[in-house]
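Here is a short briefing on one protein model. Please look over the sequence and the structure before reading on.

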Amino acid sequence: MKKLIFYTKPGCHLCEGLEEKLAQLQHLPIEIEARDITQNPAWFAEYQYEIPVLCRLIPYPETPELEKEQPLPRLSPRAPLQQLEKMLDTYLGPFEAK
């Protein structure tokens, strides 16, 4: 199963919109870990002006048991669900619906 990190914060309307779209993707084999940037100073410093941010985890070539985060391209808040699915298929897939 592929894993995404979703950086968010309370009261962010853009984050809430993306969260609603992600909730509609339960048919895809993706685990989503939400991280509230207000709970970690390093996350806040990194993403305070960028949220919502989706990151995929990719293994280091020399040590595959370790992973690093790679932010995915930012989608327009008005992007339809199909565009989010296409982006995830590009960066995480290919995968077929269950």
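This is a predicted model: local features need pLDDT of at least 70, side-chain atom pairs count only at pLDDT 80 or more; totals for chains, interfaces and linings use all residues.

A search of the whole structure finds zero disulfides.

**Largest pocket**

- The lining of the largest pocket consists of 19 residues.
- L18, P52, R74, L75 and S76 lie nearest the pocket's centre.
- By type, the lining residues divide into 13 nonpolar, three polar and three charged.
- Three elements each supply at least two residues of this lining: α1 (13-23), β3 (53-59) and α3 (81-92).
- Rolling a probe the size of a water molecule over the atoms shows where empty space is left.

**Helix α1**

- Which residues of α1 are buried? They are C15, L18, K21 and L22.
- H13 and E20 are exposed, and sit on the face of α1 turned away from its buried side.
- The cover over the buried residues of α1 includes β1 (2-8), β2 (30-36), β3 and α3.

**Cysteines**

- A disulfide is a covalent bond between the sulfur atoms of two cysteines.
- The whole structure has zero disulfides.
- C55 is in no disulfide, and the nearest cysteine sulfur, that of C15, is 13 Å away.
- A disulfide would need the two sulfur atoms within 2.5 Å.
- C55 has a relative accessible area of 0%, so C55 counts as buried.
- C12 also counts as buried, because its relative accessibility is 11%.
- The cut-off for buried is under 20% relative accessible area.

**E31 in strand β2**

- E31 is found in strand β2.
- Is E31 buried or partly exposed? E31 is partly exposed, because its relative accessible area is 40%.
- Leaving aside neighbours within four places in sequence, E31 is in contact with M1, K2, K3 and L4.
- E31 and T90 are 59 residues apart in sequence. In space they are 16 Å apart, C-alpha to C-alpha.

Key: Residues are numbered from 1 along each chain as its sequence is written. Side-chain values use heavy atoms; hydrogens and water are left out. On a 1 Å grid over the protein atoms alone, a cavity is a set of points where a 1.4 Å probe fits but cannot get out, and a pocket is an open set with protein on both sides within 12 Å along at least five of seven lines; lining residues have an atom within 4 Å of a point. Helices (H or I, at least four residues) and strands (E, at least two) are DSSP runs, numbered from the N terminus. Ala, Val, Leu, Ile, Met, Phe, Trp, Tyr, Cys and Pro count as nonpolar, Asp, Glu, Lys and Arg as charged, and the others, Gly among them, as polar. Buried means under 20% relative accessible area, exposed over 50%, partly exposed in between (1.4 Å probe, protein chains only). Contact means heavy atoms within 4.5 Å.
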